[in-house]
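Q: I would like to learn how to read a structure, feature by feature. Please show me the structure first.

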Amino acid sequence: MNLETYAENTWCKGCGNFGLLNSFKDAVSELVEEGALRAENMVISSGIGCHGKTVDYLNLNSFYSLHGRAISCVSGMKIANPNLTVVAFQGDGDAFGEGIAHVVFSAKRNIDATLLVHDNSVYGLTTGQFTPTSEKGFKGKSTPRGSIEEPMNPLALVLASGGTFVARGFVGKRKHLVGLFKKALLHKGFSFVNVLQPCVTFNNTYSRYRESTYILEDEGHDATDFQAAWGKARETERIPIGLLYQVERPTFNDLLLEGLVPAEPRAPPLSAISEIISER
């Protein structure tokens, strides 16, 4: 399946966004070929930042959202038309800074949507400010002497908020990332994949991630065990990647709509209208 567009790619050479974009293309193409997904029923959205250009580079229905609002935009789309497959792309600053409340409530409600976070722990588009996931001591334009804050833990945040699919990937392990994306897209409920995606210009973490990441599936991790997932989410010396947690829970859409598809045309309630008229 060809998901290419005419848009010129302006990301820096070696940017981790390429690995995420190409992994997503592979995941969608494979699911379409397997008959598990219909591309014409997909809608993607992005926030503001380098990651935001993702929607320019994918030949899918797309929508640029405001800063931090991509997941709330696709949530609205899904409620209007539950037949859609909706995906939000956000950066770490976008998702956990400006848009953190939307992430928390998407997990709490179990919105049937996928959120893929481009986590490079830096505001790259604005040339190097620290973000909620930057390491303590990170030196950038807004913290020239080093950040004094401890980094946020996105996986623990979504687990604690009630997320039903919580995963982490690394763009340096493309085949594994494609598998994670396929699982996330097929999950019924809120699926969250935090992707380690180094910014080669302002926070090049490729070496660290290549040395310290390991794959959970290789170690027999039980993704249905919340306490085990919580423990993996809090590891820092070695960095686990893979599916930490997945369970089934009723989605917000199912509970709210009970089978109704608001986007579909409906016949007017003639009997109710007639009753009102007759009463007058």
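Q: Which residues of helix α8 (residues 226-233) are buried?

A: First, some ground rules. This is a predicted model, in which local features need pLDDT of at least 70 and side-chain atom pairs count only at pLDDT 80 or more, while totals for chains, interfaces and linings use all residues. Residues are numbered from 1 along each chain as its sequence is written, and side-chain values use heavy atoms, with hydrogens and water left out. Buried means under 20% relative accessible area, exposed over 50%, and partly exposed in between (1.4 Å probe, protein chains only). Helices (H or I, at least four residues) and strands (E, at least two) are DSSP runs, numbered from the N terminus. In α8 the buried residues are A229, K232 and A233.

Q: What do the buried residues of α8 pack against?

A: They pack against α5 (154-160), β5, β7 and β8, where contact means heavy atoms within 4.5 Å.

Q: Which residue caps the N-terminal end of α8?

A: D225 does, with a side-chain oxygen 3.0 Å from the backbone nitrogen of Q227. A polar contact is a pair of N or O atoms within 3.5 Å; within protein, one must be able to donate a hydrogen and the other to accept it, and residues adjacent in sequence count only if both atoms are side-chain atoms.

Q: In what order do the strands form the sheet?

A: Two strands pair if DSSP finds at least two bridges between them. Eight strands form an open sheet with mixed pairing, in the order β2-β1-β3-β4-β6-β5-β8-β7. At the edges stand β2 and β7 (213-215), each with a single partner strand, so one side of each has no neighbour in the sheet. From one strand to the next, the twist averages 20 degrees.

Q: How many residues of strand β1 (residues 42-46) are buried?

A: Five of the five are buried, so β1 is largely enclosed by the rest of the structure. M42, I44 and S46 point one way, and V43 and S45 the other way. Five bridges join β1 to β3 (residues 85-91), and these strands run parallel; I44 has V87 as its bridge partner in β3. Four bridges join β1 to β2 (residues 61-64), also a parallel pair. In β2, S62 stands opposite I44, and N61 stands opposite V43.

Q: Is H187 buried or exposed?

A: H187 is buried, with a relative accessible area of 7%. Its place is in the loop between α6 (174-186) and β6 (191-196). The side chains of H187 and T164 are joined by a polar contact of 2.8 Å.

Q: How many disulfides does a search of the whole structure find?

A: A disulfide is a covalent bond between the sulfur atoms of two cysteines. The cut-off used is a pair of cysteine sulfur atoms within 2.5 Å. The search finds zero. C15 is in no disulfide, and the nearest cysteine sulfur, that of C12, is 6.3 Å away. For C73, the closest cysteine sulfur is in C50, 20 Å away and too far for a bond. C15 is buried at 11% relative accessible area, whereas C73 counts as partly exposed at 23%.

How values were computed:
Axes fitted to C-alpha atoms, helices over the stretch in contact; angles between N-to-C directions.
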